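Colleague: I have a new model open and I would like to learn how to read it. Can you take me through it step by step?

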Amino acid sequence: MIDRVVVVEYDLEWPRRFEELRARIWPVVADVALDVQHVGSTSVPGLSAKPIIDMTVVVARRGDVPLTIERLAPLGYRHRGNLGIEDREAFDHPADLPRHNLYVCPEGTIGVANQVAFRDYLRVDPDAARRYGELKKQLAAQFPNDIDSYVFGKTDFVLDVLRRVGLSDEELASIERVNRRS
């Protein structure tokens, strides 16, 4: 759980930290997963972010999710359910590892499609990444003890980017429902 919303300047260590975490996870899911993606703001070079790595284990189909959940348990990952986001299973990380968010999503579902599309857009549009980083800093300063307001404050920006990359109205509505609930 986040005690305080803190957004920091991009850290060149974030990609290395992701690779170290991926190296722990990949051997136990390699025969069932397609990939482990670095998503979220720490995956965009130069973008200010909360210093928490977001990573998604991508599996071929929904039927692979339960086995993947089982495989992650011995590593200390505690399954938390989908937290209201369809096709995105969330986990608490082991206490002895750096702060990170781990998800399992079937390929091609909104659970992973929006993360990858948003990341890829920001990677190729430095101006959008700069504006997003500024927004995140402003929201962190405005809502240092309220993660929900911080997340809700980013919703219009995120939806605008996802609309630009071609997500459907139905997909956008499902993302907005989760990010605007009170």
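Colleague: What share of the 182 residues in the protein is buried?

Modeller: Keep in mind that this is a predicted model. Buried means under 20% relative accessible area. Here, 47% of the 182 residues fall in that class.

Colleague: How many helices and strands are there in the protein?

Modeller: Count six helices and five strands. Then read their order from the N terminus: α-β-β-α-β-β-β-α-α-α-α. The radius of gyration is 16 Å, close to the 16 Å that the globule rule gives for 182 residues, so the protein is as compact as a globular protein of that length.

Colleague: What does the C-alpha trace span along its principal axes?

Modeller: About 40 × 35 × 35 Å. The protein exposes about 9400 Å², and carbon and sulfur atoms supply 50% of that.

Colleague: Which residues have the most contacts inside the largest nonpolar core?

Modeller: The general idea comes first. In soluble globular proteins, nonpolar side chains tend to be buried together. In this model, the largest nonpolar core has 24 residues. Phe118, Leu122, Tyr132, Phe157, Leu162 and Leu167 have the most contacts inside it. Helices α3 (110-124), α4 (126-142), α5 (147-164) and α6 (169-180) each supply at least two residues of this core. Another core, of 22 residues, lies apart from it, and includes Val32, Val65, Leu72 and Tyr77.

Colleague: Which residues does phenylalanine 118 touch, not counting those up to four places away in sequence?

Modeller: Phenylalanine 118 touches Tyr132, Phe157, Val158, Val161 and Leu162. Now take contacts across the whole protein. Among those between residues at least 6 apart in sequence, 62% join residues at least 24 apart.

Colleague: Let us turn to the strands. Do β2 and β5 run parallel or antiparallel?

Modeller: Strand β2 (residues 53-59) and β5 run parallel, joined by seven bridges. Valine 59, for example, has proline 106 in β5 as its bridge partner. On the other hand, β4 and β5 run antiparallel, with three bridges between them. Glutamate 89 stands opposite valine 104 in β5.

Colleague: How many of the seven residues of strand β5 are buried?

Modeller: Six of them, so take the general rule with care when you read this strand. In a regular strand the side chains alternate between the two faces of the sheet. Strand β5 (residues 100-106) is mostly covered.

Colleague: Next, the charged pairs. How many salt bridges does the structure hold?

Modeller: The structure holds 14. To find one, look for a side-chain nitrogen of Lys or Arg within 4 Å of a carboxyl oxygen of Asp or Glu. Start with glutamate 20 and arginine 16, whose closest N and O atoms are 2.1 Å apart.

Colleague: Why are glutamate 20 and arginine 16 separated by about one helical turn?

Modeller: Because they are four residues apart in helix α1 (residues 14-29). Glutamate 20 is partly exposed, at 43% relative accessibility. Arginine 16 is partly exposed too, at 38%.

Colleague: Which residue forms a salt bridge with aspartate 35?

Modeller: Arginine 22 does, with the closest N and O atoms 3.6 Å apart. This pair links distant parts of the chain: aspartate 35 is in strand β1 (residues 33-39), arginine 22 is in helix α1, and they are 13 residues apart. Aspartate 35 has a relative accessible area of 24%, so it counts as partly exposed.

Colleague: Where do aspartate 92 and arginine 80 lie?

Modeller: Their side chains meet in a salt bridge of 3.4 Å, N to O. Aspartate 92 is in strand β4 (residues 89-92) and arginine 80 is in strand β3 (residues 78-81), so the pair ties together parts that are twelve residues apart in sequence. Salt bridges that share partners also join Asp127, Arg130, Arg131 and Glu134 into one network.

Colleague: Is aspartate 87 buried or exposed?

Modeller: Aspartate 87 is buried, with a relative accessible area of 15%. Leucine 83, at 34%, is partly exposed.

Definitions and conventions. Residues are numbered from 1 along each chain as its sequence is written. This is a predicted model: local features need pLDDT of at least 70, side-chain atom pairs count only at pLDDT 80 or more; totals for chains, interfaces and linings use all residues. Side-chain values use heavy atoms; hydrogens and water are left out. Buried means under 20% relative accessible area, exposed over 50%, partly exposed in between (1.4 Å probe, protein chains only). Two strands pair if DSSP finds at least two bridges between them. The radius of gyration is taken over C-alpha atoms; the globule rule is 2.2 Å times the number of residues to the power 0.38. Contact means heavy atoms within 4.5 Å. Accessible areas come from the Shrake-Rupley method with a 1.4 Å probe; for residues, only the protein chains shown count as cover. A nonpolar core is a set of buried Ala, Val, Leu, Ile, Met, Phe, Trp, Tyr and Cys residues joined through side-chain atoms within 4.5 Å.
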